[in-house]
Amino acid sequence: MAAFRPDPPRPVSPVAPRTDAPRGVAAPVARVIEAFRRLPGIGPKSAQRLAYHLVRMPEAEAAELSEAITGVKQRIKLCETCADITEAITCHICTDPNRDRSTICVVEEPLDVTAFERTRAYTGLYHVLHGAISPTSGIAASDLKIKELLQRLQDDSADTSDQTVTEVIVATNTNLDGEATAMYLQRAITPAGIKVTRLARGLPSGTDIEYADDATLAHSLESRAEIG
Amino acid sequence: MSPTRRRYFNAEGIVVRARDLGEADRIVILFTPNLGLLSCVARGARRTTSRTGGHVDLLRHITAHVSEGRSDLHTLSQVETINAYLGLRRDLDRLSIASHFAEMCERFSLPNAANPNLFALLRDTLTHTETTAKPILPLLRLWHETTLLTTVGLQPQLHRCVRTNNEIPPGDHWFSPSEGGLIMRPDQLQTANNTATPDPIAYQPNPEDQTNPQTVPIVPAPLNTIKLLRHITRTPDWTRIQNLRVDDRDVEAGLKLTGAMLRYQQERGVGRAERVMGEVGFEC
């Protein structure tokens, strides 16, 4: 089982005060500011605000935050079946006997599993790829958990005692990288005789047609349904 | 940006790179005809209700209203799609090779450096990639790479030996990516110079010969490949090139030649899209 690694990996050097840190800032605070600046979506001003909020925070709360950050790195693993983030060897979805084992929903990120679970409309299993094939970024199939998915399907078809997988739902994003991943999976899985489906695409609720792009409108027409 | 700063301007371009920013924004790099590479942020583009999200996906030809930023990052609004290249989005092989075309053009582009010819080449190549029959895609790639080299001022020398300046006689020769053109074979060199001893530097029998660390391995250039490349440089019109009856081996040899020159000029190894193409199983 592999420990969870953030994607993409970034070089991490010991946190030291930057030369452009605000003047007059104590070294420990400057170190925290620099640490926050490494987080996605956090700029220098937000990093400073968060750091000074930490300074004002009660010591117990700060310790709890610190323990939570350390714990998430130490206890988190990838589920050996679906590659979702879990504390155990196998995640709670994969071990749940009430889940439908004939369908696997393939998603890009662990957060996508959460989004599907919120709907309560899907009762099957998942497989997390941890990214998408991206020709423009140079991310190939071997960089993702696609090999593990194909192996899972192969092991499943060989196992006669259990309910076998009959459908793989490709729920990657509807951008170019997601489409490339979906086409790759379709090409790799279909020869095994397993049905590969893609989430329906079209106009989101509350949108104006005049602002819809060509691809969305085309997909909406292709996936149109009879009223009533 | 032009020397005169404007707060707002309209821009046309093809999205060649995109990455997520913050909660729901997306940074896109537009390849434009008059402004070179233009980095823009599309606010809220990842939300399902975004009016711009669908338009700023990769490999889309778009037009947009741009608010000039204080840095080199501008803001997109009122985005409209000129061409979504839907044919590319339905075929993994076409998508992979189209990404390669975009990557090659991007590598030869800079911010604030206008190159309308290079933009036109990418725009037209993406259109051709949608419709060209799959067996002809390698020829399209050879046409694109040769025309790209010509467009950026690096047209390979296919008529004279780059070492001796003698006219290249018909026959199989070699190609030197670092010197940008053909190297004459020694037996041909004797004929051309009317001398008994060939110039020792004019011929490297072993392409892997690395006696000179500055030397980039030379590439075989068969006669028919030379003819094909000369024809493409003379006739940069794909509609006439696509009807040529050419042997796949000549196209393959031509791609080795242009690929070696592109890698040398860009000082980079295998491209991002090429790596993905290799795993997709599309040999082109």
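1. The contact between the two chains draws 29 residues from chain B and 31 residues from chain A, where contact means heavy atoms within 4.5 Å. Three residues, B:R51, B:L92 and B:E279, supply 22% of the area that chain B buries against chain A, more than any other three residues. The model is predicted: local features need pLDDT of at least 70, side-chain atom pairs count only at pLDDT 80 or more, and totals for chains, interfaces and linings use all residues. Residues are numbered from 1 along each chain as its sequence is written, chains are lettered from A and ligands numbered from 1 in the order in which they are written, and side-chain values use heavy atoms, with hydrogens and water left out.

2. The size of an interface is often given as the accessible area lost when the parts come together. Here chain B and chain A bury about 2500 Å² between them, and 59% of it lies on carbon and sulfur atoms. Buried area is the accessible area (1.4 Å probe) that two parts lose on being put together, summed over both.

3. Five salt bridges are counted between chain B and chain A; a salt bridge is a side-chain nitrogen of Lys or Arg within 4 Å of a carboxyl oxygen of Asp or Glu. The side chains of A:E222 and B:R90 form a salt bridge, at 3.0 Å from N to O. Eight residue pairs are in polar contact across the interface of chain B and chain A, both residues at pLDDT 80 or more. A polar contact is a pair of N or O atoms within 3.5 Å; within protein, one must be able to donate a hydrogen and the other to accept it, and residues adjacent in sequence count only if both atoms are side-chain atoms.

4. On the side of chain B that touches chain A, the elements giving two or more residues are strand 1 (8-21), helix 1 (92-107) and helix 8 (272-280) of chain B. Helix 8 of chain B gives the largest share, six residues. Helices (H or I, at least four residues) and strands (E, at least two) are DSSP runs, numbered from the N terminus. By class, this side of chain B has 10 nonpolar, seven polar and 12 charged residues. Ala, Val, Leu, Ile, Met, Phe, Trp, Tyr, Cys and Pro count as nonpolar, Asp, Glu, Lys and Arg as charged, and the others, Gly among them, as polar.

5. B:S96 is found in helix 1 of chain B. B:S96 is buried, with a relative accessible area of 0%; buried means under 20% relative accessible area, exposed over 50%, partly exposed in between (1.4 Å probe, protein chains only). Not counting residues up to four places away in sequence, B:S96 touches B:A273, B:M277 and B:V280.

6. In chain B, strand 3 (residues 36-42) runs parallel to strand 5 (residues 73-83), joined by three bridges, and B:C40 has B:H74 as its bridge partner. Strand 4 (residues 61-67) of chain B pairs with strand 5 of chain B in the antiparallel sense over six bridges. Two strands pair if DSSP finds at least two bridges between them. Strands 4 and 5 of chain B form a hairpin with five residues between them.

7. Chain A has eight helices and six strands. Of its 228 residues, 36% count as buried. Five of the five residues of strand 4 (residues 124-128) of chain A are buried, so this strand is largely enclosed by the rest of the structure. Strand 3 (residues 100-107) of chain A pairs with strand 4 of chain A in the parallel sense over five bridges.
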